[in-house]
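Welcome! Here is a short briefing to read alongside the sequence and the 3D view.

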Amino acid sequence: MPLISDLTLDVAKFKPDAITDQTNQFNDKLIKIMEGGPRWWEVGAAKYRQMRWNGETPLPKPVVLESGKNIKLPSRQKEREIPCRVFQPESGKAKGVFYHIHGGGWVLQSEHYQDTMLKDLADHCDLTVLSVGYRLAPEDPYPAGNEDCFDVGEYLVDNANKDYGGPLLFMGGDSAGGHLSALTAFHLLNTRPDFAFKGLVLNFGAFDMSGFLPQVWSFKLPLVLDGEIMQKFISDLTYFRRDMWISPFFADLTKMKLPSALFTCGTLDCLLDDSVMMSAKWAMSGAESILKIYPGAPHGFVFFPPGGTDETQKGLDDIEMYINERI
């Protein structure tokens, strides 16, 4: 019998001919759209956030659903509260809570930018979905964003049953939100040792901020995210990058009782190496680690609108299957 690797990937998914015509056409369109507007650092983070909210950038305005409810949860700082957004399942019978952390490079976006995806998750998994509006850099650099995510995580561990009729079961996020979700899980292992997630959903996360993994530097396609953008994001966040609370890739995972985790990423994402390598390290700790790769999918693909890349629905279906199998 041939020698079989202990680490197995479906190499066919990484070949260019695995990308469908629909996805290629969507990516080409997305590249052209992104060429038509300023980079956020050219106008400043605060101004660009407002432009994006107003629909004044090449990307469409965020879709804000009336079914979302805005709330505030306690912060460790008594003089402030943390804004959050909540979706209840259409069934009206939530089995528990999914805690979501948004992306945007720790600089952009907010808890209002993924309404369609979060509502879909609430309805198809019968979960209350809560997204945190953590503080953003450069106005509030590290550790402000981390602290807000940690504070809301602790609150939900302690109060989800009382507030939402079910426990905190899952947590996940996208890009910077995947990074912050991993760190929040590490934090809760320390501060709430009797608590355990059913699972984490880590979509195209950034896990090594020390100098970035090779794909960030070799990825030359101007498709949503590239090395230049990553450097601008991290420069506004912090200068200390090998600490595990900045780069979860450097944490000693073997000393943690990690929950199951689903890692998702497209092959046309400059953070592909992060998901592949972090998922392997996760499995090396003894925890369940599931890696799903989507041919040609760009960064952010799970919250693209219907009719775009055909990998979006596949990603959402996989996330919902992962959750429903573990509830």
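This is a predicted model: local features need pLDDT of at least 70, side-chain atom pairs count only at pLDDT 80 or more; totals for chains, interfaces and linings use all residues.

In helix α4, the buried residues are Asp-115, Met-117, Leu-118, Lys-119, Leu-121, Ala-122 and Cys-125; buried means under 20% relative accessible area, exposed over 50%, and partly exposed in between, using a 1.4 Å probe and protein chains only. Their cover includes β2 (81–87), β3, β4, β5 (168–174) and α10 (311–326).

Residues are numbered from 1 along each chain as its sequence is written, and side-chain values use heavy atoms, with hydrogens and water left out.

**The chain as a whole**
- The chain holds 10 helices and 8 strands; these are DSSP runs numbered from the N terminus, with helices (H or I) of at least four residues and strands (E) of at least two.
- Its radius of gyration is 19 Å, close to the 20 Å from the globule rule for 327 residues, so the chain is as compact as a globular protein of that length. The radius is taken over C-alpha atoms, and the rule is 2.2 Å times the number of residues to the power 0.38.
- Along the principal axes, the C-alpha atoms fill a box of roughly 60 × 50 × 45 Å.
- Of the 327 residues, 54% are buried.
- Among contacts (heavy atoms within 4.5 Å) with a separation of 6 or more, 77% are between residues 24 or more positions apart.

**Surface and charge**
- The chain has 32 positive and 43 negative charges, and their mean positions lie 3 Å apart. Lys and Arg count as positive and Asp and Glu as negative, leaving out His and the chain ends; each charge is placed at NZ of Lys, CZ of Arg, CG of Asp or CD of Glu.

**Helix α6**
- Helix α6 covers residues 176–191, 16 residues in total, and spans 22 Å between its first and last C-alpha, close to the expected 22 Å. That expected span is 1.5 Å times one less than the number of residues.
- Since 13 of its 16 residues are buried, α6 is largely enclosed by the rest of the structure.

**Pro-248 and its surroundings**
- Pro-248 sits in the loop between α8 and β7 (261–268), where it is buried with a relative accessible area of 0%.
- Leaving aside residues up to four places away in sequence, Pro-248 touches His-179, Ala-182, Leu-183, Phe-186, Phe-207 and Met-278.
- Asp-208 is 40 residues from Pro-248 along the chain, yet their C-alpha atoms are separated by 6.6 Å.

**Backbone features in the loops**
- The loop between β4 (128–132) and α5 (144–164) contains Pro-138, which is joined to Ala-137 by a cis peptide bond with omega about 0 degrees.
- Pro-143 is also found in the loop between β4 and α5, and the peptide bond from Tyr-142 to Pro-143 is cis, with omega near 10 degrees.
- Gln-109, in the loop between β3 (97–101) and α4 (115–125), is a residue other than glycine with a positive phi, near 70 degrees. Gln-109 is partly exposed, at 22% relative accessible area.
- Val-224 has a positive phi near 70 degrees and lies in the loop between α7 (214–218) and α8 (227–237). Val-224 is partly exposed, at 25%.
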